[in-house]
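Welcome! Here is a short tour for anyone meeting this structure for the first time. Please take a look at the sequence and the model below, and then read on.

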Amino acid sequence: MKMAAHTLSTPATTPPGISPQNWKHTNHFFTAQNMLKSQSHTLRGPWLGCTSRISVHSSNLRPFIQRHRPIKATVIFSLPTSNPERVASAEKVPKWSAKAIKSFVMSELEARKLKYPTTGTAALLMGILIEGTNFASNFLRANGITLSKVREETVKLLGKADMYFFSPEHPPLTEDAQRALDWAVDEKLKSGDDREVTTAHLLLGVWSQDESPGHKILAAFGFNDEKAQELKSVEHVFARLRN
């Protein structure tokens, strides 16, 4: 088989500003493009009795390329509140941090995964741990509170859901979970700090709901008021260092 000359070429040396590893992937890309842009191949074989020319173009491959549906995603920039008039008023409402919002989204997904009809304080707790890169999750893991432990304790406390039940796309918040979110915002407003509401505030909001499943799970693993105060103090120091 004889292949036509490549129509694209790449420099032999790595250009400045590009790592060798990235340039290696770039070369692979150009090689693939060159193969697709080859005008024709000459195929010789005794069983054919003649010389055949087979044209290979990228357009010939299009019918075989699977087309995927566009992925739909919902982007949220704040978290639910039971005081919508506060948002509409002139009062300056602190913003939630990106990691806190991501933790909330993860809590909804975890509630759906466990087939629960609502997103409760236990799900909020798991969402913080699933996000994994935030300060509150690091604090919990440092105190021996991990996602697997919390998930197992949640199932013990709330029970297993019906395997044939399908949770809504956005399981609504339970009353104590909504109070936890509102507590976090209120606590931020009381402090007079104009920085973002973080996962630490969200975790402390869960802890503030004494009768909630999230509070009971935290207490079962040794979290107490002293730990809550320690979290609050350390988070305040880190917030000042970030600014």
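Let's begin with a pair of helices: α5 and α9 run roughly antiparallel to each other, because their axes cross at roughly 150° and angles over 145 degrees count as roughly antiparallel. Keep in mind that this is a predicted model.

**The α5 and α9 pair**
- The axes of these two helices, α5 and α9, come within 10 Å.
- Their crossing is left-handed.
- On the α5 side, the contact is made by Thr 121, Leu 124, Leu 125 and Ile 128.
- On the α9 side, Thr 199, Leu 202, Leu 203 and Val 206 take part.

**The largest nonpolar core**
- In soluble globular proteins, nonpolar side chains tend to be buried together.
- Here, the largest nonpolar core has 35 residues.
- Trp 96, Leu 140, Leu 203, Leu 218 and Phe 223 have the most contacts inside this core.
- At least two core residues come from each of α4 (98-113), α5 (121-131), α6 (135-142), α8 (175-191), α9 (199-208), α10 (213-220) and α11 (225-242).
- Leaving aside neighbours within four places in sequence, Leu 218 is in contact with Leu 125, Leu 140, Ile 145, Leu 203, Val 206, Trp 207 and Phe 223.

**Helix α10 and its buried side**
- Which residues of α10 are buried? They are Gly 214, His 215, Ile 217 and Leu 218.
- These residues lie on the same side of α10, because they cover an arc of only 165° around the axis.
- Among the elements that cover them are α5, α6, α7 (147-158) and α9.
- Just after α10, Gly 222 takes a positive phi of about 90°.

**A closer look at Ile 217**
- Ile 217, in helix α10, has a relative accessibility of 1%, so this residue counts as buried.
- Beyond its neighbours within four places in sequence, Ile 217 is in contact with Ala 122, Leu 125, Val 150, Glu 153, Thr 154 and Leu 157.
- Ile 217 and Glu 152 are 65 residues apart in sequence, while their C-alpha atoms are 10.0 Å apart in space.

**An exposed spot: Asp 194**
- Asp 194 sits in the loop between α8 and α9.
- Is Asp 194 buried or exposed? With a relative accessible area of 60%, Asp 194 is exposed, because exposed means over 50%.
- Asp 194 and Val 93 are 101 residues apart along the chain, and 8.8 Å separates their C-alpha atoms.

Methods. Residues are numbered from 1 along each chain as its sequence is written. This is a predicted model: local features need pLDDT of at least 70, side-chain atom pairs count only at pLDDT 80 or more; totals for chains, interfaces and linings use all residues. Side-chain values use heavy atoms; hydrogens and water are left out. A nonpolar core is a set of buried Ala, Val, Leu, Ile, Met, Phe, Trp, Tyr and Cys residues joined through side-chain atoms within 4.5 Å. Buried means under 20% relative accessible area, exposed over 50%, partly exposed in between (1.4 Å probe, protein chains only). Helices (H or I, at least four residues) and strands (E, at least two) are DSSP runs, numbered from the N terminus. Contact means heavy atoms within 4.5 Å. The arc is that of the directions from the helix axis to the C-beta atoms. Axes are lines fitted to C-alpha atoms, for helices over the stretch in contact, and angles run from 0 to 180 degrees between N-to-C directions. Angles under 35 degrees count as roughly parallel, over 145 as roughly antiparallel, 65 to 115 as roughly perpendicular and the rest as oblique. A crossing is left-handed if the near helix is turned anticlockwise from the far one by less than a right angle, and right-handed if clockwise.
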